[in-house]
Amino acid sequence: MVDSTSIGHRLRAMTGRDPHQEGRVATSLELFYDLVFVVAFSFTGTAAAHQIAEGHFRNALIGFLLCTFAAIWAWINFAWFASAFDTDDWFFRIVTLVQMIGVALIALGVPEVFHSLDEAHLENRVMILGYIIMRVGMVAQWLRVAVQSPRYRRAALIYAGMTLLAQLGWVVILIAHMALLPTVIAMIACVGVELVGPFLGETRTRGGTPWHPHHIAERYSLLTIITLGEGVVGTVTVLGALIEVQGWSTDTVLLGTSAMTATFAMWWVYFIVPVGDALHEHRHKSFWWGYGHILIFMAAAGFGAGLHVAALYIEHESHVAGGAVVASVAIPLGFYCLGIIAMYDYLLPFDPLSLVLAVVVVVVLAGAVWLCVAGVSVVVAVAVAALAPVAMAIVDEVLGAPRRASASADSSSPGLL
């Protein structure tokens with residue numbers, strides 16, 4: 001067992017943590033590591049919002065997906081590795097610092113990526129350099145496992161080998177000067193190799209790695225809260241814009257209340273089911289659960305970006321119609337809500353109530369966009385869109401409490417909520 005009271009300067013054998021350790025929680029280093037991603041998500045959301053406000057939807061989509069994936073994938077790899085092999089010794093800490101520097105470089109490369117997309121090419125060398133630095137640190141960690149843990153050596157070598165293979169591709173992209181389409185295709189291929197590595201490491205070895213279900217569930221919930229923080233930032237930004245243009249008014253109160261309520265409801269619905277218990281009972285489902293969160297993290301960050309777009313529209317710094325502004329809020333909200341529904345239905349047996357929730361979410365969000373196109377103000381339409389996660393939370397309290405209680409007692413019992 002490694003905790004904050006047992007830190008030493010000497011190296012500890014990286015032989016694997018106890019996946020059933022009582023009271024396992026996130027360490028202070030893991031929490032500190034997460035803070036780097038606040039910057040990455042903020043830079044990406046702001047840049048994407050300006051692209052949408054200018055009507056450059058393709059550039060916004062490509063840049064947002066590329067930059068958020070790079071940051072999220074960096075976080076996912078560290079989270080699962082630390083859950084299984086965290087030693088909290090000086091080597092682990094120094095290598096984590098190297099990875100944090102890599103993530104910081106990824107964030108610094110975000111503006112360059114979006115700016116280059118305006119010129120019909122992709123300038124991503126700073127971001128890829130940061131990604132390579134981060135991944136080199138991860139390879140060093142896996143090789144340490146391979147040396148010190150005979151039990152997990154095969155899995156560690158698979159992880160290290162596939163990561164190195166992907167890095168060769170990233171290096172080629174870094175030094176080559178390709179057009180936009182070939183660059184995107186090459187990056188998709190590298191991403192494919194990155195995704196295959198954990199799949200092989202966990203399924204082609206006996207027992208995979210000793211990750212802790214409750215610890216990993218907590219780690220994912222913490223990053224979800226961080227990405228939801230972009231919704232809070234977006235709320236403050238759009239309120240500041242509205243107050244500057246109109247002063248304090250009914251619209252100010254409506255927009256502020258609805259945006260904050262939506263962010264709060266997004267947090268609420270995420271914690272409906274005790275995921276740690278479900279993962280403990282169904283470890284074989286962890287792979288797609290973990291990968292599926294990429295969409296949820298992106299959607300949560302995208303909601304904040306959408307609120308930034310609304311702020312630019314209110315400040316008359318946008319060149320798109322109100323319907324596009326509301327859609328920039330509604331689309332990520334939809335992906336988030338539907339992603340949450342899918343995640344819980346994957347972990348637990350299917351509940352027909354999920355279909356009802358999905359229909360409600362789609363109808364509310366589509367209705368919000370339609371209202372704006374029909375002439376309703378952006379402020380009112382955004383407030384309507386904010387009702388989607390709120391509706392999910394209300395249904396949970398009114399109809400889903402018995403199911404939730406049953407899920408807490410037995411993760412194999414039916415029910416989403």
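Colleague: How many salt bridges across the interface of domain 1 and domain 2?
Modeller: The rule finds 2 salt bridges there. Bear in mind that this is a predicted model.

Colleague: Where do the two domains run in the chain?
Modeller: Domain 1 covers 28-204 and domain 2 covers 213-404. Domain 1 gives 32 residues to the contact, and domain 2 gives 29 residues.

Colleague: And how far apart are the C-alpha centres?
Modeller: The C-alpha centres of domain 1 and domain 2 are 25 Å apart.

Colleague: What area is buried between them?
Modeller: About 2700 Å² is buried between domain 1 and domain 2, with 77% of that area coming from carbon and sulfur atoms.

Colleague: Which three residues of domain 1 supply more of its buried area than any other three?
Modeller: Phe41, Trp75 and Trp80. Together they supply 23% of the area that domain 1 buries against domain 2.

Colleague: Back to charges. What does aspartate 34 meet in a salt bridge?
Modeller: Its partner is the side chain of arginine 219, at 2.8 Å from N to O.

Colleague: Which residues of H3 are buried?
Modeller: Phe92, Val95, Thr96, Gln99, Met100, Gly102, Val103, Ile106 and Ala107. They span an arc of only 160° around the axis, so they sit on the same side of H3.

Colleague: What covers them?
Modeller: The cover includes helices H1 (28-53), H2 (57-85), H4 (110-118) and H5 (125-148).

Technical notes
Residues are numbered from 1 along each chain as its sequence is written. This is a predicted model: local features need pLDDT of at least 70, side-chain atom pairs count only at pLDDT 80 or more; totals for chains, interfaces and linings use all residues. Side-chain values use heavy atoms; hydrogens and water are left out. Buried means under 20% relative accessible area, exposed over 50%, partly exposed in between (1.4 Å probe, protein chains only). Helices (H or I, at least four residues) and strands (E, at least two) are DSSP runs, numbered from the N terminus. The arc is that of the directions from the helix axis to the C-beta atoms. Contact means heavy atoms within 4.5 Å. Domain bounds come from an automatic or database domain assignment. Buried area is the accessible area (1.4 Å probe) that two parts lose on being put together, summed over both. A salt bridge is a side-chain nitrogen of Lys or Arg within 4 Å of a carboxyl oxygen of Asp or Glu.
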